[in-house]
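This report describes a single protein chain for a reader who is new to structural work. Please keep the sequence and the model in view while reading.

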Amino acid sequence: MALNAPTPVDPPEPPIISERDRRFMALAQAAAEEARAAGEVPVGAVLVRGDEVIARGFNHPIGAHDPSAHAEMVALRAAAQVVENYRLPGCELYVTLEPCLMCAGAIMHARIARVVFGARDPKTGACGSVVDAFANPQLNHHTTVSGGVLEAECGAALKSFFAERRRASREARAAACAAANGESAPSEPL
């Protein structure tokens, strides 16, 4: 063995996921399916106080013409109405996709105690994938973050949504091209 060879490191153990976290993430996944049914990116969220779901939300920025209509924001707004307060201390937010910076800011301002997310977001994730908004010690509120809860299932829902969207886009382009050339569009094989 060479003198300067790196010491092998065992991969980290996967996080232990409680049944409670699984149960609430499954509810967030059901909300994500509502987003999918509406033609939106399938992200869902539930906001929990103790063992009670006080609000839920799903992505619908396209249909609402609202860039802030992320699942987390919708759930936070609904919860604030339920408790009649913009602060939600002691609450936990379960969301199928790692929150972005916008949502992380709203989560901090609402004083959410804990965020639990499913799939990581390598493009806009603000819980460690791109930035870690919750790790800044200068902030006056600190939210605990647990990631990777039902990660494979949450990630699969997003991957299948985008694969279907790409397939539909290819088919539409092929049909438009065929129509422009005066041909009939190719049909899908049975």
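## Aromatic pairs

The whole structure contains 2 aromatic pairs; rings of Phe, Tyr and Trp (its six-membered ring) pair if their centres lie within 6.5 Å, and planes under 30 degrees apart count as stacked, over 60 as edge-to-face and the rest as tilted. One of them joins Phe24 and Tyr94 in a tilted arrangement, with 5.4 Å centre to centre and 45° between the planes. Because Phe24 belongs to helix H1 (residues 19–37) and Tyr94 to strand E3 (residues 91–97), this pair ties together parts that are 70 residues apart in sequence. Helices (H or I, at least four residues) and strands (E, at least two) are DSSP runs, numbered from the N terminus. Phe24 is buried at a relative accessible area of 1%, and Tyr94 is buried at 0%; buried means under 20% relative accessible area, exposed over 50%, and partly exposed in between (1.4 Å probe, protein chains only).

Phe161 and Phe162 also form a pair: their ring centres are 5.1 Å apart and their planes stand at 80°, so the pair is edge-to-face. Phe161 is buried, at 8% relative accessible area, whereas Phe162 is partly exposed, at 31%.

## Basis of the model

This is a predicted model, in which local features need pLDDT of at least 70 and side-chain atom pairs count only at pLDDT 80 or more, while totals for chains, interfaces and linings use all residues. Residues are numbered from 1 along each chain as its sequence is written, and side-chain values use heavy atoms, with hydrogens and water left out.

## The annotated site

Which residues does UniProt place under the feature "binding site"? The unreviewed entry lists His70, Cys100 and Cys103; feature names are shortened, positions follow the numbering used here, and annotations may be inferred rather than shown by experiment. These residues span 34 residues in sequence, but no two of their C-alpha atoms are more than 9.3 Å apart, so they gather at one spot.

His70 is found in the loop between helix H2 (61–64) and helix H3 (71–83), and is partly exposed at 22% relative accessible area. Apart from its neighbours within four places in sequence, His70 is in contact (heavy atoms within 4.5 Å) with Asn59, Cys100, Met102 and Cys103. Cys100 lies in the loop between E3 and helix H4 (101–109) and counts as buried, at 14% relative accessibility.

## Core and overall layout

The largest nonpolar core has 40 residues, of which Met25, Leu47, Leu88 and Ile112 touch the most other members. A nonpolar core is a set of buried Ala, Val, Leu, Ile, Met, Phe, Trp, Tyr and Cys residues joined through side-chain atoms within 4.5 Å. Strand E3 gives the most to this core, with 5 residues.

The chain has 5 helices and 5 strands, which run α-β-β-α-α-β-α-β-β-α from the N terminus on. Of its 190 residues, 38% count as buried. Among contacts in the chain with a separation of 6 or more, 57% come from residues 24 or more positions apart.
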